[in-house]
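Hello,

Here is the structure you asked for. Please open it first, then read my notes below.

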Amino acid sequence: MSEAIATIQLQQVDQLAAVPEDQLQWLIEHSELIQLKPGDPLFIPGQPSDYLYILLSGRIRIWLGAGNETRELARIEAGSITGNLPYSRVQSALANSAALVDSQVLRTHKDHFREMIRDHFELTRAFVHEMNNRIRNFTTLQQQNEKLVSLGKLSAGLAHELNNPASALVRTARALKSHLSYLPENFKKVMMIRMEEEEVDAVNEVMAQKMAAGMVGEMTLMERTDKEDDFRDWMEDNDLDDDDELIENLVEFGFTPEDLERIQEQTPDRNIQAVIKWVGDNLTTERMVEELEDASKRISELVGSIKSYTHMDQTQDRQLVDVHEGLKNTIVILKHKLKRNGIKLDKDIDLSIPRIPAYPGELNQIWTNLIDNALDAMDERGGTLTVRTGMDGPCVKVQIQDSGKGIPADVLPRIFDPFFTTKPMGKGTGLGLDVVQKLVLHHGADISVESEPGKTTFTLLFRVD
């Protein structure tokens, strides 16, 4: 019991301003006043949460983590209520706390809650109202944090995936500018070529056919070497310069020594070297333009995936959704993590499954969290990410499986708890799977997990009707 404070001090607390004075007096008589010096903890993580706290004066910091790896959750000021509350299911403290200045706290043990609930309605209502506010604020903060985490993943993935084609655009554009630069000697050789119109048409026909066919597909090293050797032999036989770039272009566009013979037939007793060099320069230009087109197309596809992922131009209402589209876009965004860790993607997809009624943005958040967690579980190189879809009775089944070390049996029941994480500070908030579970429940769906070393599988079931 505390005789050091009066009811008027409690009436300065907004939540208690309307509580009858006799009930505030009961609270004082069943509480104790404690003094905290700077650095003193109000509660310690892991220890039982047995007290309701009313901060009468001072300021207290609350944070997660230890040492230099911390994340501040809040700074509570005088007039704040924290700790255990009537009807709360909190069992133990989750965070660290410390007074920032000299602080005065009134604390009430939870053993008095039963009497409070039975005999002091307005006081109980004030604390229950505070608990509702806490839940609402926590939910809002949780959603904001998770959105920021998802945005971070999205930004990192987009930055990695855009970097390669963007760099290719810059690199190829510079090379093309250099290639097209005015060189008097080359210009002089081209201008000195004197050919009849039909001869020019014949050379153009050979080159046009090759350009229309485009660059050849993948070749083995042996196939490429054999073709290059054939061109070197032909050029040596015809007393022409051995030009590596020219030979590479000829091979890339499917030319053969016979094609060069056709060109040579149209340039008898003339500068065949200059003609073939002109052909090679045109092939170089064509190749660079194709590289620019491929890189631009890749950027366009990435932007399309991001647009589809975020549904920027679509309603966020419930609608029929193809789960494969969201899975594909999520994998595109997180592709850099697969590449970085050398992870193999194994897809077992049933394209015949029906669309499901869902919220597209929420589904993408589910896929992002599950796939990102699976990739983090395979930090060692050479893992396999497996994505499966199919039917399970009246439900569409989606499975995300990784070949990581697995989830220990004693940890498995807690993975959906808020703030629970096995990742080091800075890598995980402990909110991802909690959010996943809430979003799955919002869809009226089910989620389950099975885990053993080398195989962890999250299974989601969505009703079709």
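Helix 7 gives the largest share of the negative patch, seven residues. Helices here are DSSP runs (H or I, at least four residues), numbered from the N terminus. The model is predicted: local features need pLDDT of at least 70, side-chain atom pairs count only at pLDDT 80 or more, and totals for chains, interfaces and linings use all residues. Residues are numbered from 1 along each chain as its sequence is written, and side-chain values use heavy atoms, without hydrogens or water.

The patch lies on the surface and includes Glu223, Asp230 and Glu265. Its residues have over 30% relative accessible area and no salt bridge, with like charges joined within 9 Å. Asp and Glu count as negative. Helix 7 (221–237) and helix 9 (257–265) each give two or more residues. Asp230 sits in helix 7. Asp230 is partly exposed, at 41% relative accessible area. The classes are buried (under 20%), exposed (over 50%) and partly exposed (in between), with a 1.4 Å probe and protein chains only.

Now the salt bridges (a side-chain nitrogen of Lys or Arg within 4 Å of a carboxyl oxygen of Asp or Glu). The whole structure has 11. Asp244 pairs with Arg232, with the closest N and O atoms 2.8 Å apart. Asp244 is in helix 8 (residues 244–252) and Arg232 in helix 7, so the pair ties together parts 12 residues apart in sequence.

Arg262 pairs with Asp259 at 3.8 Å between the closest N and O atoms. Both lie in helix 9, three residues apart. Shared partners join Lys210, Asp259 and Arg262 into one network of salt bridges.

Best wishes

Terms used: Patch = residues over 30% accessible without salt bridge, like charges linked within 9 Å, V, L, I, M, F, W, Y side chains within 5 Å. Areas by Shrake-Rupley, 256 points an atom, 1.4 Å probe, with all protein chains shown as cover. Charge placed at Lys NZ, Arg CZ, Asp CG, Glu CD.
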